[in-house]
Amino acid sequence: MPEGHVIHRLANQFSDTFGGERVRVTSPQGRFDAGDLDGALFEGGEALGKHLFLDFEADRIVHIHLGLIGKLAFAPLAPPKGEVRLRVSDLQTAADLRGPQWCRRITPDEREAVVEASGPDPLRDDADPVRGFTRLHRSGKSVAALLMDQKVAAGVGNIFRAEVLFRHRLDPTVPGKELPRRSWDLLWADLVDLMHRA
């Protein structure tokens, strides 16, 4: 499953490629109802952890979660190949989504519910690491399991979890409730650095 840095890159690519343009929105596979999105003004992409939000004018939002097998690729405009759930395109470039866990229209309130349910994202300037520590410190689960809990640290997956635990020589079986705040602060700062570099 792609980790948060990949989703942030995709959000930025959507914004850079289509931001401020009226776009074609289709579902070559037929499993997504593009409806009133086709021809709408695309305002931008936003990532929160492993969630990707595509914002269109008039508070129209597409929520994508790639899951284990989902792929999203940008390429020069050409006829779609394979099972393309969602295509966003202009006259030059197409972004094709295949095999996502979720690809759905949501309301602003539903988006807010996703935000509220998510932990802090190391790649976002508005992240509150104390919120993640509070959730981690209430649990008797291992710190290794909790680092991949999206309510503790949104966007962190196995790669970054393993790397920060190794870099700080931290036993992955330590219960979250026993992890000192100072250790969490060091882990968090390292996650911010590593994920930005990735």
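Predicted model: local features only at pLDDT ≥ 70, side-chain atom pairs only at ≥ 80, totals over all residues.
**Entry 1: strand 7**

I began with strand 7, which covers residues 86-89. I looked up which way its side chains point. L86 and V88 point one way, while R87 and S89 point the other way. I then checked burial and found all four buried, the arginine and the serine included.

Next I asked which strands pair with strand 7. Strand 2, residues 24-26, runs antiparallel to strand 7 and is joined to it by three bridges. Within that pairing I noted one partner: T26 is bridged to R87. Strand 8, residues 93-98, also pairs with strand 7 in the antiparallel sense, over four bridges. Here I noted that V88 stands opposite A95 of strand 8.

**Entry 2: the largest pocket**

I turned to the largest pocket and wrote down a volume of about 190 Å³. Its lining has 14 residues, and those closest to the centre are L48, V115, R124, D126 and R131. I looked up where the lining comes from. Strand 3 (41-48) gives at least two lining residues, and so does helix 2 (108-117).

How many of the lining residues of the largest pocket are charged, polar and nonpolar? I recorded seven charged, two polar and five nonpolar. Among the residues closest to the centre I have R124, D126 and R131, which count as charged. L48 and V115 are also in that group, and they count as nonpolar.

I looked up backbone angles next, because most residues other than glycine have a negative phi.

D59 is not a glycine, yet has a positive phi of about 55 degrees. I placed D59 in the loop between strand 4 (51-56) and strand 5 (60-65). Is D59 buried or exposed? Its relative accessibility is 59%, so D59 counts as exposed, the cut-off being over 50%.

R169 is another residue other than glycine with a positive phi, near 50 degrees. I found R169 in the loop between helix 5 (158-167) and helix 6 (181-197). R169 counts as exposed because its relative accessibility is 62%.

For the record, I have D59 in a loop between strands and R169 in a loop between helices.

Technical notes: Residues numbered from 1 in each chain as written. Heavy atoms only, no water. Buried < 20%, exposed > 50% of the residue type's maximum accessible area, 1.4 Å probe, protein only. Pairing = 2+ DSSP bridges. 1 Å grid on protein atoms, 1.4 Å probe; cavity = no way out; pocket = protein on both sides within 12 Å on 5 of 7 lines; lining within 4 Å. Points joined across faces, edges and corners; volume = space filled by probe spheres on them.
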